[in-house]
Amino acid sequence: MQEFTKFPTKTGRRSLSRSISQSSTDSYSSAASYTDSSDDEVSPREKQQTNSKGSSNFCVKNIKQAEFGRREIEIAEQDMSALISLRKRAQGEKPLAGAKIVGCTHITAQTAVLIETLCALGAQCRWSACNIYSTQNEVAAALAEAGVAVFAWKGESEDDFWWCIDRCVNMDGWQANMILDDGGDLTHWVYKKYPNVFKKIRGIVEESVTGVHRLYQLSKAGKLCVPAMNVNDSVTKQKFDNLYCCRESILDGLKRTTDVMFGGKQVVVCGYGEVGKGCCAALKALGAIVYITEIDPICALQACMDGFRVVKLNEVIRQVDVVITCTGNKNVVTREHLDRMKNSCIVCNMGHSNTEIDVTSLRTPELTWERVRSQVDHVIWPDGKRVVLLAEGRLLNLSCSTVPTFVLSITATTQALALIELYNAPEGRYKQDVYLLPKKMDEYVASLHLPSFDAHLTELTDDQAKYLGLNKNGPFKPNYYR
């Protein structure tokens, strides 16, 4: 009864079971995000909020959560020592002085450390979220309190999502000259809606498979009029964030939302890239029987030699207990697949975009949707069969759980260096194309993180360096190494 009376609502009486369920799921929300139920009834777009300095140049759930968000950011900083080290080393030089960066990424404590690092290096930043479910409201509030123009909150509608992006780009007296994107939505919006702004951008940094694919499409069509840095395929992003982050966070997301036991469960993972490899390693370690679907014979052969059976989705869809997509493609799991799944099959996505699972096909009159937890829906067929859909097909780990801070420090440091490189590059170094971060910078990012493990690198002798044809100080790998 205490739980029942704790959160009174204006919409009428709520059942005791629903009240207890809601309060329990607050702890399951993204990054255990602090929630104030009284705020849920009013859209942040309709609120008038100001920070302690009197500024209202932001739109977040509740600016009063800033103090809690600041603690989250401070905790993240403890495990992002390399990024903090970069901040301290370059702070005096202000290599991003004059940079006006518009960003669209997940807004979490870890990305807040990156945003504040960019500001410390001289940049002005305006930020929105690349995922409607991954924003930590208290962190967004802390950024707004610190003076960052942030437009994001957890649970945005599609209309809110594009409105937030537009508010970041479209401001009188302020014009972006750099873009930091995750997924390509911001780049696409600026390209389509503000072509004059797009032409004046000095560089784009993109960190996802989906966004990089979009950039290469623009480049191939001759429509990319600015240089872009493909951070996703940097070794320090792909070999670490994609692999190790997903290896740990896939289980976190599934456990928090479903409490499922994996021993003996049959799981099909669609895609055996770095994300797929990380997911499969974690699932296999817990005793799951893992199948792989792949289009690439090289990745398929890797899966076979790692001990997984490579199948077509149609061959196993009736028997598997969990379906996980991580391809970066669209319509990987179709309505036909969903119709054939067994009762209580769990369906989720670990790719960036929400296009991999055909969720739209499930919004039909004959199917019933039942929200059972935050980010957990039971989709019920007429015969009573239920499919458990997580995060409505959006990115599981950042929507339903947290991600390891340390590995995100590697990605964030790479992004910061890519922005510095593009912004300060002499005219002519980068043409209107998509580039990889120079290998020397990849190695520098890695070296910044080694002290955390008390790791000591072996140094080449002059004779050894000459034998290998390398500089003793690197780079140790060619630019084409991935």
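Predicted model: local features only at pLDDT ≥ 70, side-chain atom pairs only at ≥ 80, totals over all residues.
## About the model

Residues are numbered from 1 along each chain as its sequence is written, and side-chain values use heavy atoms, without hydrogens or water. Local features need pLDDT of at least 70 and side-chain atom pairs pLDDT 80 or more, while totals for chains, interfaces and linings use all residues.

## The annotated site

An unreviewed UniProt entry marks Thr108, Asp182, Glu207, Lys237 and Asp241 as "binding site"; such annotations may be inferred rather than shown by experiment, and feature names are shortened, with positions in the numbering used here.

Let's start with Glu207, in the loop between strand E5 (203–206) and helix H10 (209–220). Helices (H or I, at least four residues) and strands (E, at least two) are DSSP runs numbered from the N terminus. Glu207 counts as buried because its relative accessibility is 11%, where buried means under 20% relative accessible area (1.4 Å probe, protein chains only). Leaving out residues up to four places away in sequence, Glu207 touches Asp182, Lys237 and Asp241, among others; contact means heavy atoms within 4.5 Å.

Asp241 sits in helix H11 (residues 235–258) and is buried too, at 10%. Beyond four places in sequence, its contacts include Glu207, Val407 and Thr411.

## The nonpolar cores

A nonpolar core is a set of buried Ala, Val, Leu, Ile, Met, Phe, Trp, Tyr and Cys residues joined through side-chain atoms within 4.5 Å. The largest has 61 residues, and Ile107 and Trp127 are among those touching the most other members. Helix H17 (405–424) is one of the contributing elements, and its 12 residues form the largest share.

Apart from this core lies another of 32 residues, including Cys280, Ile324, Cys326 and Cys400.

Notes. Buried < 20%, exposed > 50% of the residue type's maximum accessible area, 1.4 Å probe, protein only.
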